[in-house]
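Subject: Structure handover

Hello,

The structure is below, followed by notes on what was found in it. Please read the notes with the model open.

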Amino acid sequence: MTQFSLLKPALAGCLISVAPLVAPLAAMAHASLETQTAALGTTYKGVMRITHGCDGQSTQRVRIDIPEGVVNVKPMPKPGWTVTTERGAYAHSYVIHGSPVTEGVQAIEWSGGTLPDDFYDEFIFRGTLDDSLGEGVIYFPTMQYCADGENAWVDIPASADAPHPASPAPALELMPPAHADHAGH
């Protein structure tokens, strides 16, 4: 019997014991980012997952608010949907490709399409995570609009130890820059 063969039962036991803990989290997922960690100073590909409609209704519009410090944002076109951006002044000046930038995309909206309640889809954008954000968590409040209702995934916890909000805003954990020196850690 190989070492790998011996590990299979142990791995299966671990997965079985963890499954009851993970299943409730998956059931709670409504609007969430596919990749939930990223390094500061990198270009982040945000894939917002919409997993259901509004009380049985189809989703007709999705809006994502972009947090300060996520710059040079560009949405991906989506066949059958119209994509628009809302631009505005940044609170701070950022440097993109060696040039100062003082304004940019602050919200993205996809509209005019139809996402049935029993289907799943993704809405994609990319942006640069400025080093000035620092390590921690940032949030992408997301609105999902249907014919007669909406889901507001906009609740941001007051602190790290606060209870899980009912309609959580999708979160991204920011890690140290890939080029950071971690000697001695």
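An open sheet is formed by 5 strands in the order β6-β7-β4-β10-β11, with antiparallel pairing. Strands here are DSSP runs (E, at least two residues), numbered from the N terminus, and two strands pair if DSSP finds at least two bridges between them. The edge strands, each pairing on one side only, are β6 (82-96) and β11 (149-153). From one strand to the next the twist averages 15°; axes are lines fitted to C-alpha atoms, and angles run from 0 to 180 degrees between N-to-C directions.

Before the details, the conventions. This is a predicted model, in which local features need pLDDT of at least 70 and side-chain atom pairs count only at pLDDT 80 or more, while totals for chains, interfaces and linings use all residues. Residues are numbered from 1 along each chain as its sequence is written, and side-chain values use heavy atoms, with hydrogens and water left out.

Pairings in the sheet

Strands β6 and β7 run antiparallel and are joined by 11 bridges. Ala89 has Glu103 in β7 as its bridge partner. Between β4 and β10, also antiparallel, there are 5 bridges, and the partner of Arg61 in β10 is Tyr145. Strands β10 and β11 pair in the antiparallel sense over 5 bridges, with Thr142 opposite Trp153 in β11. A hairpin through 2 residues connects β10 to β11.

How enclosed is β10 by the rest of the structure? It is largely enclosed, because 5 of its 5 residues are buried. Buried means under 20% relative accessible area, exposed over 50%, and partly exposed in between (1.4 Å probe, protein chains only). In a regular strand, side chains alternate between the two faces of the sheet. In β10, Thr142, Gln144 and Cys146 point one way and Met143 and Tyr145 the other, and all are buried.

A search of the whole structure finds 1 disulfide, defined as a pair of cysteine sulfur atoms within 2.5 Å. Cys54 and Cys146 form this link, with their sulfur atoms 2.2 Å apart. The pair links distant parts of the chain: Cys54 is in the loop between β3 and β4, and Cys146 is in strand β10 (residues 142-146), 92 residues apart. The link of Cys54 and Cys146 is right-handed, with 70° about the S-S bond. Cys54 counts as buried because its relative accessibility is 4%, and Cys146 counts as buried at 8%.

Nonpolar core

The largest nonpolar core has 25 residues, and those with the most contacts inside it are Ile64, Ile66, Leu129, Phe140 and Leu172. Such a core is a set of buried Ala, Val, Leu, Ile, Met, Phe, Trp, Tyr and Cys residues joined through side-chain atoms within 4.5 Å. At least two residues of this core come from each of β1 (31-33), β3 (43-50), β4 (59-65), β5 (70-75), β7 (99-115), β8 (121-129) and β12 (171-175). Strand β7 supplies the largest share, 4 residues.

Not counting residues up to four places away in sequence, Leu172 touches several residues, among them Leu33, Tyr44, Leu129, Val137, Ile138 and Phe140. Contact here means heavy atoms within 4.5 Å.

Salt bridges

How many salt bridges does a search of the whole structure find? There are 5, each being a side-chain nitrogen of Lys or Arg within 4 Å of a carboxyl oxygen of Asp or Glu.

Asp121 forms one with Lys78, the closest N and O atoms being 3.0 Å apart. Asp121 lies in strand β8 and Lys78 in the loop between β5 and β6, so the pair ties together parts that are 43 residues apart in sequence. Asp121 is partly exposed at 23% relative accessibility, whereas Lys78 is buried at 14%.

Arg63 forms a salt bridge with Asp65, with the closest N and O atoms 2.9 Å apart. Asp65 is partly exposed, with a relative accessible area of 27%.

Arg87 forms a salt bridge with Glu103, where the closest N and O atoms are 4.0 Å apart. Arg87 is in strand β6 and Glu103 in strand β7, 16 residues apart. Glu103 counts as partly exposed at 44% relative accessibility.

Regards
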